[in-house]
Amino acid sequence: MAAVELDHVGKREGIGAPILSDVSLRLEEGAFYFLTGASGAGKTTLLRLITLAERASHGTLKVFGADAAALDRDAQAALRRRIGIVFQGPWLIDELSVHDNVALPLRIAGAAEREIRDNVDELLAWVGMAGRAAARTATLSGGERQRIAIARAIVHRPALLIADDPAGSGGDEIAVLLVRIFERINRLGTTVLIATDDVRFARRFEHQRFHLDHGMLSNAGAALAQ
Amino acid sequence: MIADWLTAMRPRLSLGWDQSGRFIRWVVALLVFIAALGGVGLVELHHRLRAWEHEFAAAAALQVPADVSNARLATVMALLRQTPGIQSVHLLDPAETARLLEPWLGPAVTLDELPVPRLIDLRIDPDGATDMAALRRQLATVAPDSRLDDHLSWPQGMHAAARRLESILAASTAAALMLIAVSVAFSVRATLVADRSVAQLLHRLGAGDGDIARLFAIRALRVGLEGGVIGAIAAVVAILALSGAGSLVRLPAPGEYHGVADWRIWAVLGGAAVAAGLIAMASAWAAVRRRLARMS
């Protein structure tokens, strides 16, 4: 069963060159993938399509078996609740506390307060932020903000986790640590897709990789051993 | 269930609505003040008008020329007493007539020297079917120069003016309530534009349009109710200051008045405050949904 299926999907804005051209790929449930490509290759656009933030210009996109083009706004929102996203920047709401930022997906899903409290506390301990629950996110360092963003992405146990360059400029050590965290989540059954422009970094892990080059997917669906 | 509801009521995300919400609270207070004054005025005017109509419909007076004989006067009295709908007939004696005319003629004038007509006071069942036209025809045969004044024809112009005033008050009250909806909608639209990034984040995390709209609607309900209560209290103070406490607590309807305060006045004031909250909530809900549908 595929968590995500793209069949000849393209994306174009205006009259310029297409951002994505004829992309076909399949993400199996419970698998772990890297999406590599240089800056501007179309990685973020592809992730936005998969997370239903944009519509494809042509082709078919299915998420958890549902045709994205046929979904109304409420159905799209329901599907998005099954996806966890680590954005390129942490994208936190600074007027909320650390606890309330992490709790957002659970609150959106309508979870009970006790469940929210237990899950958020557990996740904050997991990412090493147990003592900072009441802090305002504006007072945190860049690394701490990124850990909060990861906790928020997985607090509701998503079926699909999408991370867009999660390490950012955090360095190699942080990047490896994040991948290890995502691997632990993946072992619980979550499909993981990490986008990075560091191809060499992705090659250090034995996970399937897709490569985007100028909006075109190479080695689609193939597991690269090297 | 109640705990969940209270949790939802606790605002966690203001989306910048805090600042404009404070401003809107005072706008709502002002509009509720206007709407409440209009509503109270409408209730009072309507009530007074009804009492006025009732009073005019219940009274009539017959003037019989001074030179009519006592026998003919007795016939007139008998005719009046037999007429359906007339509850009482009272022939004013000379002393009563003198007292009635004293403000115009002064105490020194004796009526014996003047051809003052005999006055007959009639009490009529306002809900009965007294045929005044038929009565006039019968009186014309018994006492040709008599004049029946049923008090209904002369105040018709004033009555129409009062009705127009009622319509104006109703329209101004409705306009004030509509302005609440417009103000809230304008404010939440501006907030959504300014905090577009937060709304987009919530969308990306799985919030539906309804979830985001609910955040605004709950806050708008609170702001609307707070503004409504402030406006209603200000209206009470204004009414007391302008008219005195007596007019607020005593509507001129002796038969229908109960207690120290007429419930309709308080219903209007409370209703205006509650209506402000509900209108603000509905307006915020609709405005956010429309805006979100356009944003993505």
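Colleague: What radius of gyration does chain A have, and what would a compact globule with 226 residues have?

Modeller: Chain A comes out at 17 Å, and a compact globule of 226 residues would be near 17 Å, so the two agree. Bear in mind that this is a predicted model.

Colleague: And how big a box do the C-alpha atoms of chain A fill?

Modeller: Roughly 45 × 40 × 35 Å, taken along the principal axes.

Colleague: What's in chain A, in helices and strands?

Modeller: You get 7 helices and 10 strands in chain A. Of the 226 residues in that chain, 44% are buried. If you take contacts between residues at least 6 apart in sequence, 70% of those in chain A join residues at least 24 apart.

Colleague: Let's talk sheets. What's the strand order in the open sheet of 4 strands in chain A?

Modeller: The order is E2-E1-E4-E5 (chain A), and the pairing is antiparallel.

Colleague: Which strands stand at the edges?

Modeller: Strand E2 (20–28) and strand E5 (66–67) of chain A. Each has a single partner strand, so one side of each has no neighbour in the sheet.

Colleague: Over how many bridges do E1 and E4 of chain A pair?

Modeller: Over 5 bridges, in the antiparallel sense, with E1 covering residues 2–11 and E4 covering residues 58–63 of chain A. To pick out one residue, A:Asp7 has A:Thr60 in E4(A) as its bridge partner.

Colleague: Which helix lies across E1, E2 and E4 of chain A?

Modeller: That's helix H1 of chain A, residues 43–50, and it runs at about 125° to E1(A).

Colleague: Where does A:Gly65 sit?

Modeller: In the loop between E4 and E5 of chain A.

Colleague: Is A:Gly65 buried or exposed, and why?

Modeller: Exposed, because A:Gly65 has 10 C-beta neighbours inside 10 Å, and the cut-off for exposed is 12 or fewer.

Colleague: Switching to helix packing: at what angle do H3(A) and H5 of chain A pack?

Modeller: About 30°, with the axes 6 Å apart; H5 here is residues 142–154. The crossing of H3(A) past H5(A) is right-handed.

Colleague: Which residues make the contact?

Modeller: H3(A) brings A:Val98, A:Asn101, A:Val102, A:Leu104 and A:Pro105, while H5(A) brings A:Ile148, A:Ala151 and A:Arg152. Sorted by class, that contact between H3(A) and H5(A) has 6 nonpolar, 1 polar and 1 charged residues.

Colleague: OK, on to the other chain. How many residues of chain A are in contact with chain B?

Modeller: 19 residues of chain A, and they touch 14 residues of chain B. On the chain A side, the elements giving two or more residues are helix H2 (73–80) and helix H3 (98–108). That side divides into 11 nonpolar, 1 polar and 7 charged residues.

Colleague: What does chain B have in the way of helices and strands?

Modeller: Chain B has 10 helices and 4 strands. Starting from the N terminus, the elements go α-α-β-α-β-α-β-α-β-α-α-α-α-α.

Colleague: How much of chain B is buried?

Modeller: Buried residues are 31% of the 296 residues in chain B. On contacts in chain B with a separation of 6 or more, 89% come from residues 24 or more positions apart.

Conventions
Residues numbered from 1 in each chain as written. Chains lettered and ligands numbered in written order. Predicted model: local features only at pLDDT ≥ 70, side-chain atom pairs only at ≥ 80, totals over all residues. Buried ≥ 20, exposed ≤ 12 C-beta atoms within 10 Å, placed from the backbone. Contact = placed C-beta atoms within 7 Å. Nonpolar A, V, L, I, M, F, W, Y, C, P; charged D, E, K, R; others polar. Axes fitted to C-alpha atoms, helices over the stretch in contact; angles between N-to-C directions. Left-handed = near helix turned anticlockwise from the far one by under 90°. Rg over C-alpha atoms; globule rule 2.2 N^0.38 Å. Pairing = 2+ DSSP bridges.
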